[in-house]
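Hi,

Here is the structure I promised to pass on. Have a look at it first, then read my notes below.

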Amino acid sequence: MKTNKVVILRHGESEFNKLNLFCGWHDAPLTEKGIEDATKIAVAGLRQHRMQFDVIYTSLLQRAHQTVDVIRENLKYNEVPVIYDWRLNERHYGNLTGFNKRQVANKYGEEKVQIWRRSFDVLPPEITPENPYYAKIRNNPKFKDIPKDKFPDTESLKTLMLRAIPLWEQEIMPRVLKGERVLVVAHGTVVRALMKYIENISDDDIMKVNIPNSVPCVFEYDVSSGQRVGNIQYLADADYVKKETEKVAAIGN
């Protein structure tokens with residue numbers, strides 16, 4: 001049986017992660033820690049397991065781009081082509097964008113905020129022109145080629161999957177099954193969406209899935225049948241994965 005692996009990775013800590021803010025389509029950069037974790041966690045894991053790639057897919061957002069740049073520079077992947085696709089953008093958090101998760105929880109209740117954050121099909125309130133990030137998102141030149149009827153004002157995990165899964169099925173997996181080595185650098189909810197699809201996680205159970213920053217997640221496939229082989233492999237220390245997953249799950253102080 002001939003197999004091939006595909007790696008999915010959430011970017012390092014962003015400025016909005018650090019401040020515990022809903023980020024979504026706001027183009028926040030990485031923090032210094034985000035750059036450091038991309039090096040010490042992502043690069044270290046990929047290097048230790050001798051991962052090589054023929055192509056990298058990522059979103060249109062700079063926190064993902066910076067993570068890709070760290071990986072390419074440290075692992076000498078500068079010749080590996082990068083495909084930028086808006087369908088790998090983080091979930092749009094609607095009018096929650098820019099607000100502190102703890103403050104929103106204090107206002108609406110923790111249960112409501114966890115439903116907005118983690119549920120499968122509950123939409124946050126649509127972003128309004130009064131939101132301080134509305135104009136920045138709508139006028140971001142990186143987004144100019146997104147079809148107007150596809151440009152969201154809010155998204156759930158379900159609606160995010162409607163854009164991300166076709167990219168996975170129609171472009172990424174055909175490459176994997178042809179033997180190409182693919183790295184996908186995206187965002188927390190995008191990785192959750194792909195995991196839900198790949199692992200066939202139920203709508204209820206996906207609420208308990210949290211994605212740590214900078215940890216490469218490896219999926220292996222039989223290239224003849226297209227079937228998954230084995231379980232997901234995290235290229236990082238198990239204690240680190242557990243600690244970071246718990247941190248992502250918490251709303252924060």
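A word on angles to begin with: under 35 degrees counts as roughly parallel, over 145 as roughly antiparallel, 65 to 115 as roughly perpendicular and the rest as oblique. Keep in mind that this is a predicted model, where local features need pLDDT of at least 70 and side-chain atom pairs count only at pLDDT 80 or more, while totals for chains, interfaces and linings use all residues. Residues are numbered from 1 along each chain as its sequence is written, and side-chain values use heavy atoms, with hydrogens and water left out.

I looked at helices α7 (residues 157-177) and α8 (residues 188-199); helices here are DSSP runs (H or I, at least four residues), strands likewise (E, at least two), numbered from the N terminus. Their axes (lines fitted to C-alpha atoms over the stretch in contact, with angles from 0 to 180 degrees between N-to-C directions) come within 9 Å and cross at roughly 70 degrees. So α7 and α8 are roughly perpendicular to each other.

Who touches whom? On the α7 side, the residues in contact (heavy atoms within 4.5 Å) include Leu 157, Ile 165 and Trp 168, and among those they meet in α8 are Val 190, Leu 194 and Tyr 197.

As for α8 itself, ten of its twelve residues are buried, meaning under 20% relative accessible area (1.4 Å probe, protein chains only). Val 191 and Met 195 are among them. The cover over these buried residues includes α7, α5 (110-118) and the strand β1 (3-10).

Cheers

Methods:
Buried < 20%, exposed > 50% of the residue type's maximum accessible area, 1.4 Å probe, protein only.
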